[in-house]
Amino acid sequence: PTMAHSKALLVLENFIGGKFVPCSSYIDSYNPSTGDVYCRVPDSGKEEVEAAVKAAKEAFPIWSSKSPLERSQILNKLADLIEHDLEAFAQAESKDQGKTITFARTVDIPRAVHNFRFFASSILHHVTECTEMSTMGCVHYTSRAPVGVAGLISPWNLPLYLLTWKIAPAIACGNTVVAKPSEMTSVTAWMMCKLLEKAGVPAGVVNVVFGTGAKAGEALVCHPDVPLISFTGSTLTAQRITEKSAPHCKRLSLELGGKNPAIIFHDADLGQCIPATVRSSFANQGEICLCTSRIFVQRGIYSEFLKRFVEETKKWKTGNPSDPTIDVGALISKEHLEKVRNYVKKAQAEGARVLCGEGVDRLALPPGNQKGYFMLPTVIAEVKDESCCMQEEIFGPVTCVVAFDTEEEVIKRANGVKYGLAATVWSGNVGRVHRVAHRLQSGLVWTNCWLVRDLNLPFGGMKASGIGREGAKDSYEFFTEVKTITIKH
Ligand code: NAD
């Protein structure tokens, strides 16, 4: 046998009621940078979800009655433990997802740590409302309480980062949870489970059930004892979840896809804008819901922008994700790679020009990565606004660049898609950036920067990009039930 075959596969187990439990069947999980199966993930269904919900329900009375300070201390301890193992988590995330080790080390895992610290702190600082109605002799006040068992479903692009962005606020507020990570990227969630007991998280507070969306995910969504579902993933899946949860009137938070525009005016500082827009297009292989995929450039600077943008894109090195000098790793799966490539083919068939990347430049890979799911960062120009490449979420290292003339025109075109998650605006004119930001249909607008986040403030999308917001106050409100109490003297 070859080295790859002689190595034992990593076998994950569900984490239910504080214990690791094996499953009767498993799914293969691939290392996207080699194309090898390296891990087996439980193929959970109704039975496993049932056990996890039961454990979460049992843990709820004790966990929900702890003080915010007690919960905060446990969250901080968990953050410290993950941080202590940061390198091991980063290696695992890179291997499981295909992302570069540098990205996992500097973005994914530090943010997962920060998610716990952030909510450990923010949970201590909420105040409820109070009003006085003196003519009636009444005082009204609100009180907030955790809801119960929260179902948390997360995608494969930022596995531990996005899962902890849900677990942290859910348990900080006193809920217990059943989490279902993506079947394609389950390893870091399983590693986190190993630290829960040591952090002081009581058994049953965090349960993780691994498996597919159709089986495990849907069982969670349909479970009558799970009153709220926080979901991050595609718009299509969100529609299915909405349908399935409707009979139970569940509370839903939906963080979905995007087709994010960058709008670049003639007075933009191109020295800053170009590297930032290359990053916003291709970071994490373009597999971030906030990635730019439609770049509108004002006509006067269009040619110069395009030339410099392509030059800058070509500096990004694609290859073995475990090499710290690499900028672009592997895409999540063979199927996803094919889907992304097909968009480039469709654009070409429609008469668009591919300026660099897929089909234009040669991709040289080390011998061990020949079967990995790699693709060069690809820039397409002269694409029509109606083209699927300008309308649909590609979620890969592909970006389209087009020209515009006026502010009025570009706002209309930028808003001309079904999504509304994030936008960037580049201009030196402060009046213009305000005007444009106000008129964009987008939950987030970054001007003269990208991905600068204050977790205190709302995060989420408009239109087909989602329902609800996440952030210090927003997550607190989602994960608690409010009550208005009136006292008459
Ligand atoms: P996906 O919708 O296929 O899967 C997301 C999760 O839902 C997975 O855990 C999956 O197993 C589960 N799932 C699938 N079908 C289900 C069902 N019927 N019932 C319950 N659960 C089900 O999405 P993906 O391909 O994993 O992730 C990529 C998508 O996520 C992109 O559209 C991207 O834009 C979006 N995303 C959004 C944000 C955001 O914050 N707005 C962040 C990251 C990713």
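Predicted model: local features only at pLDDT ≥ 70, side-chain atom pairs only at ≥ 80, totals over all residues.
## Annotated domain

An unreviewed UniProt entry places the feature "domain: Aldehyde dehydrogenase" at residues 25-485.

Three strands, in the order β1-β5-β4, make up an open sheet in which the pairing is mixed. Because β1 (10-11) and β4 (26-31) each have a single partner strand, they stand at the edges, and one side of each is left without a neighbour in the sheet.

Strands of a sheet pair through backbone hydrogen bonds, in either a parallel or an antiparallel sense. The pairing between β1 and β5 (residues 36-42) is parallel and runs over two bridges; Leu10 has Cys39 of β5 as its bridge partner.

## Helix α7

Helix α7 covers residues 187-199, and its 13 residues should span 18 Å at 1.5 Å a residue; the end C-alpha atoms are 19 Å apart, which agrees with that expectation. The residue that follows α7 is Gly200, which has a positive phi near 95 degrees.

With buried taken as under 20% relative accessible area, 10 of the 13 residues of α7 are buried, so the helix is largely enclosed by the rest of the structure. The buried residues are Val187, Thr188, Ala189, Trp190, Met191, Met192 and Cys193, together with Leu195, Leu196 and Ala199.

The largest cavity has a volume of about 90 Å³, and of the 15 residues that line it, Gly286, Cys291, Ser293, Glu393 and Phe395 are the closest to its centre. By class, the lining of this largest cavity divides into six nonpolar, seven polar and two charged residues.

The second largest cavity holds about 70 Å³ of space. Its lining is made of 15 residues, of which Pro261, Arg294, Ala414, Gln441 and Ser442 are the closest to the centre. Strands β13 (260-264), β18 (419-420) and β19 (422-426) each contribute at least two residues to the lining of the second largest cavity, and that lining comprises eight nonpolar, five polar and two charged residues.

Conventions: Residues numbered from 1 in each chain as written. Heavy atoms only, no water. Helix = DSSP H or I, 4+ residues; strand = E, 2+ residues; numbered from the N terminus. Expected span 1.5 Å × (residues − 1). Buried < 20%, exposed > 50% of the residue type's maximum accessible area, 1.4 Å probe, protein only. 1 Å grid on protein atoms, 1.4 Å probe; cavity = no way out; pocket = protein on both sides within 12 Å on 5 of 7 lines; lining within 4 Å. Points joined across faces, edges and corners; volume = space filled by probe spheres on them. Nonpolar A, V, L, I, M, F, W, Y, C, P; charged D, E, K, R; others polar. UniProt positions renumbered as here; feature names shortened; annotations may be inferred. Pairing = 2+ DSSP bridges.
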